[in-house]
Amino acid sequence: MATTEGAGKGRTGYDHDALQKKWSERWRGDGLYRTRQDPDRPKFYCLDFFPYPSGAGLSVGHLRNYVPTDVISRFMTMRGYNVLHPMGWDAFGLPAENYALKMGIHPARTTAQNVATYKRQMALVETCYDWDKEVNSSTPEYYRWTQWFFLLLFDRGLAYQAEGQQWWVEDGRCWRHTETAVTKKSLKQWYFKITDYAEPLIADLETIEWPDHIRKMQLNWIGRSEGCEVIFKGLRPEGGEVDLPIFTTRVDTIFGVTYMVLAPEHPLVGALTAPPRRAAVSAYIEESRRKSDIDRASTDKEKTGVALGSFAVNPLNGERIPIWIGDYVLASYGTGAVMAVPAHDTRDFAFARKYGLLIRQVIFPRDGASRNEVTGRWVAPAGLPVAELDAALVDPGVMFRSGPFDGLASEDATRVLGEHLEARRQGGRKVNYKFRDWLISRQRYWGCPIPIVHCDRCGAVPVPKDQLPVLLPEMTEFKPSGTGRSPLATVDSFVRTSCPRCGGAAERETDTMDGFACSSWYFLRFPDPGHGEGPFSPEAVRYWLPVDLYVGGAEHAVMHLLYARFWTKVMFDAGLIHFREPFQRLRNQGMLLGADGTKMSKSRGNVVTPDEVVQRYGADTVRAYLLFLGSFEQEVPWSDEAISGMYRFMHRVYDLMTRFPARADGDDRDVAPKVARELEFWIHKTVKKVTEDVESFSFNTGVAALMEFYNKLSSLSGDPSVVSSAAWARAQRTFLTLLAPIAPFLAEEMWERLGFTRHSPSVHREAWPGFDPAKLVTAEVEYPIQVNGKIRDKLVVPADLDEAGLKARVLASPKVMQWTEGKTVRNFIVVPGRLVSLVVK
RNA sequence: GCCGGAGUGGCGGAAUUGGCAGACGCAGCGGACUUAAAAUCCGUCGGGCCUCGGCCCUUGCCGGUUCGAGUCCGGCCUCCGGCACCA
């Protein structure tokens, strides 16, 4: 930064500081940003992702989210909508707690400080949030209702407790650290049964306007797959059988099963281990427990396992096959066990090769095979060679060596064998999902307490709704205990309570909820954040919801958005709300990189704060620049040099407007008709462009259109008859109106100075202009003329010239004739209003 | 590995979805103003030829469709994001 003062300051009267001070005070006094709920107007709910108020404050990167939604909100207001544009704080969470542990300051205090910083920084760029609607998820008035929703889910059978694996550091200080010894502990934790909603979560993706890639990510995450469940029989070494169900999408390969693999955590491993194998098996289990998820998940790691020394029976052919355990089988997917078909599955193939297990091909490729039209079965080519495989044949084909199912196409197997299995009670068709239930328990202090009381007699009993909130106790010491329990477990006065059901002595649940719970319903609170009768005001929600436009970073593409959709569906099913999807339209802004092209971060020292740039260039410049620097979705580097161009633009606008102010009594008599038409053309063209660009989030080209309009006005301003005309005044007024949502201060100041307050007291109360397509039609059109695909001439012709006339003009053009001479015109193509193309030979 | 997205001047990026590639801006260059500089204003600004009228090349690479391709199709290369043994 060479100078502290902006470029060219003092050259004109443009003083961004003075404008900001003057207008932000006035607007606050006038209540410009107060939400209106006027029943005669349509509503528009514009929402930013719920931010976590971090101690680092805002960088200009965050503004890449907040400025565009601000522009849209202002734009929609000017277009006559009642706009709800609120802001709140996702204030519970680990960073505040960790900071508190380090500095000894209570998270509530640091949160309050951070919120104050965020609000101050948001005000710097004059975001139009209605602060009367502010919410904070860490306040009892808010989390009372988060608890209420927990109970709603509990009552509907969607909240349950189960043993789950959790990583723990041996000394209990902090988890997920690489250098300390970690191990997995089994803990009883709370889950939400989101998997019950898999189908509506998939189906309703069709009904919302979200970016395709986000919808795909959600689909992949849910991971629906159709197949069969097949119940194998496990033969216990001590005698007797156990059911050993597996899930497969390739039931067509079932006659090729040569062994089974269970996850090491599978509950039947103990029962199915033969005594001589016990030592090896428990050593293997111990070993895989130590492996991190990453190690286990890595596909290029060699697959390992050990045999249990026992056998299973394939229900379809009665064959006895050995049972193994191997940690390439995931305990959490399907039934935690797989049938292994090495001939037709890459993983099983590698495993079988390594341990010398049998490989039996049961699918042959369809090419070369013929089909029996009557039975629909395929017939193998004569003498089908079954060579030794050097890789798994994973493509679908035709079943053979499969008893009664020989000749069946892979694609039909799920249906045919599914029905067969079902009839014999050996399994059946089944749909499986990759995603799991939502683990919400956190063994942490700074979160929303789970409203449950544990009673020896009654079990887990919900806290009655009229006793909410379960208050988070004031604590000064909330280090993790190392026992795997929440710090809350050490607060006697919190833990000891009585059972709401039987009145006997009982203990409170000490886990707190995942922060995603808080952000799964916050959008319902905004319309009436003070509502005391329930989590939200039903009337206000009926009016304002669903959210029309939701904007934030792509990092929440899956979790937050999926959880919020899930809660919404539960609420809909409970009859609480009238919509199934919370966010109609979703947009993700691209990341703003540092000037060096890398992610902005404190350690790289490339963070740009709103404070420094607003101080130097003013809010209008920063806003306009953020919109201008690239397309909304893409990541773009910040540029210290380029922003000065935007600053110059603000100066130039100020300059042009003050030097040639509109005259209230101007008239168009003295202006040349051609110039008047040109001015009118530019007014309508720019209105059209800016309107469409703001609607479609193409802010960069919208700003560019305003610059072009300015350039046009500037070049016409040399003509005294122009600047004294009424058309000039209309152009200025239009320009300022279009500029208003982007650069609110400059637009308002010019609006006042040029006397447009006689139309509207504030440019921000002015109606957004419409455009007249008729004004966009010009009398003459310029046609580029292509000969054999190359531009050879350009002709200006009357717009209403017919094709024959145009053809005559084209063929008479000397430049065109140079290229057609001595040749014949084979084809003459006219794209009306765009171009002429001729093919000559 | 699989699923998404992107590759356009020195730079950030436009291009009405198949129709004048490079809008708008930054940087650069030339000029005006100035004692000088900054700021400002005017001009120029993809590359190469050139007889100053133009000609040729150019949107990651190779091929195709078309009167016409940055845009569509096929095959590669590179970068970014997500998922990652899901049976």
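Modeller: Let's start with Gly 234, which stands opposite Val 242 in S8. Strand S8 (residues 241-248) is joined to S7 by 8 bridges, and the two run antiparallel. Two strands count as paired if DSSP finds at least two bridges between them. Strands themselves are DSSP runs of E with at least two residues, helices are runs of H or I with at least four, and both are numbered from the N terminus. Before we go on, a word on what you are looking at: this is a predicted model, where local features need pLDDT of at least 70 and side-chain atom pairs count only at pLDDT 80 or more, while totals for chains, interfaces and linings use all residues. Residues are numbered from 1 along each chain as its sequence is written, chains are lettered from A and ligands numbered from 1 in the order in which they are written, and side-chain values use heavy atoms, with hydrogens and water left out.

Now back to S7 and S8. They form a hairpin with 5 residues between the strands, and in it Gly 239 takes a positive phi near 100°. S7 (residues 224-235) also has 7 bridges to strand S17 (residues 427-433), again antiparallel.

Strands S21 (residues 452-455) and S22 (residues 459-462) run antiparallel and share 4 bridges. They make a hairpin with 3 residues between them, and Cys 455 is bridged to Gly 459 in S22.

Next come the aromatic rings. The structure holds 55 aromatic pairs. One of them is Phe 192 with Trp 438, an edge-to-face pair with 5.3 Å from centre to centre and 75° between the planes. Phe 192 sits in strand S6 (residues 182-192) and Trp 438 in strand S18 (residues 438-439), so this pair links parts of the chain that are 246 residues apart. Rings of Phe, Tyr and Trp (its six-membered ring) pair if their centres lie within 6.5 Å; planes under 30 degrees apart are stacked, those over 60 are edge-to-face and the rest are tilted. Phe 192 is buried, at 0% relative accessible area, and Trp 438 is buried too, at 1%. Buried means under 20%, exposed over 50%, and partly exposed in between, using a 1.4 Å probe and protein chains only.

Charged side chains give another kind of contact. A search of the whole structure finds 38 salt bridges, each being a side-chain nitrogen of Lys or Arg within 4 Å of a carboxyl oxygen of Asp or Glu. Among them is Lys 569 with Asp 204, whose closest N and O atoms are 2.6 Å apart. Lys 569 lies in helix H16 (residues 559-573) and Asp 204 in the loop between helix H6 (198-203) and helix H7 (212-222), 365 residues apart. Both Lys 569 and Asp 204 are buried.

Asp 514 and Arg 442 meet in a salt bridge as well, at 3.2 Å from N to O. Asp 514 is in the loop between strand S25 (512-513) and helix H13 (515-518), and Arg 442 is in strand S19 (residues 441-442), so the pair ties together parts that are 72 residues apart in sequence. Asp 514 is buried, with a relative accessible area of 7%, whereas Arg 442 is partly exposed at 28%.

Lys 712 and Glu 678 form a salt bridge with 2.7 Å between the closest N and O atoms. Here helix H21 (residues 699-716) holds Lys 712 and helix H20 (residues 673-695) holds Glu 678, 34 residues apart. Lys 712 counts as buried at 19% relative accessibility, and Glu 678 as partly exposed at 27%. Finally, Lys 22, Arg 26, Glu 749, Glu 752 and Arg 753 are linked in a network of salt bridges.
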